[in-house]
Amino acid sequence: MGPRPPPSSHVQRLAAELLALPPNELKQFRLMCRDRMIPKPAGRQGPVGKDYKPELPRRRIDQPLPVRRHLGVLGRRLFALHPAWVFAGHGPGILPLPMPQLGASVIAGVAMRDASQRSSE
């Protein structure tokens, strides 16, 4: 990666204007910029209270995705589609077996579920 290109004249002009501000105005400007970067509650007008803590009520680590419990089942299904098993027993230069149709496996799963529901009734 080569050296960075010089900043545009617009950016250089803005930087010069900011550096020319008196220290108290520059401090106030930095506080305003920092305040704008803090997430606020949706639909709130005006400043938030001093006791506001911008944290989620429930963190992601405390509430994992509901998909995680299904990944184990999905992993066993995908294991059968791994190329090592699709091409097992076939040497180099031999055309591989065609992959099974995904639609047929989905329909078979639905049919098995319907059959199990009918048998339980």
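## Helix 2

The expected span of a helix is 1.5 Å times one less than its number of residues. In this predicted model, helix 2 covers residues 23-37, which makes 15 residues. From its first C-alpha to its last, helix 2 reaches 21 Å, close to the 21 Å expected at 1.5 Å a residue.

How many of the 15 residues of helix 2 are buried? The number is 1, so helix 2 lies largely in the open. One of the residues in this helix is F29. With a relative accessible area of 33%, F29 is partly exposed, because that value falls between the 20% under which a residue is buried and the 50% over which it is exposed. The C-alpha atom of F29 is separated by 9.1 Å from that of L18, and the two residues are 11 apart along the chain.

## Overall make-up

The protein has 5 helices and 0 strands. Read from the N terminus on, its elements follow the order α-α-α-α-α.

Of the 121 residues in the protein, 2% are buried. The accessible surface of the protein is about 12000 Å², and carbon and sulfur atoms account for 63% of that surface.

## Confidence in the model

The mean pLDDT of the protein is 75. A value of 70 or more is reached by 60% of the residues.

Which elements have the lowest and the highest mean pLDDT? Helix 4, residues 83-86, has the lowest, at 63. Helix 1, residues 9-19, has the highest, at 92. Where pLDDT is low, the predicted coordinates should not be read in detail.

## Side-chain contacts

The structure holds 1 salt bridge. It is formed by D114 with R113, and the closest N and O atoms of the pair are 3.7 Å apart. That distance counts as a salt bridge because the cut-off is 4 Å. Both partners are partly exposed: D114 has a relative accessible area of 27%, and R113 has one of 46%.

Technical notes
Residues numbered from 1 in each chain as written. Predicted model: local features only at pLDDT ≥ 70, side-chain atom pairs only at ≥ 80, totals over all residues. Heavy atoms only, no water. Helix = DSSP H or I, 4+ residues; strand = E, 2+ residues; numbered from the N terminus. Buried < 20%, exposed > 50% of the residue type's maximum accessible area, 1.4 Å probe, protein only. Areas by Shrake-Rupley, 256 points an atom, 1.4 Å probe, with all protein chains shown as cover. pLDDT = per-residue confidence, 0-100. Salt bridge = Lys/Arg side-chain N within 4 Å of Asp/Glu carboxyl O.
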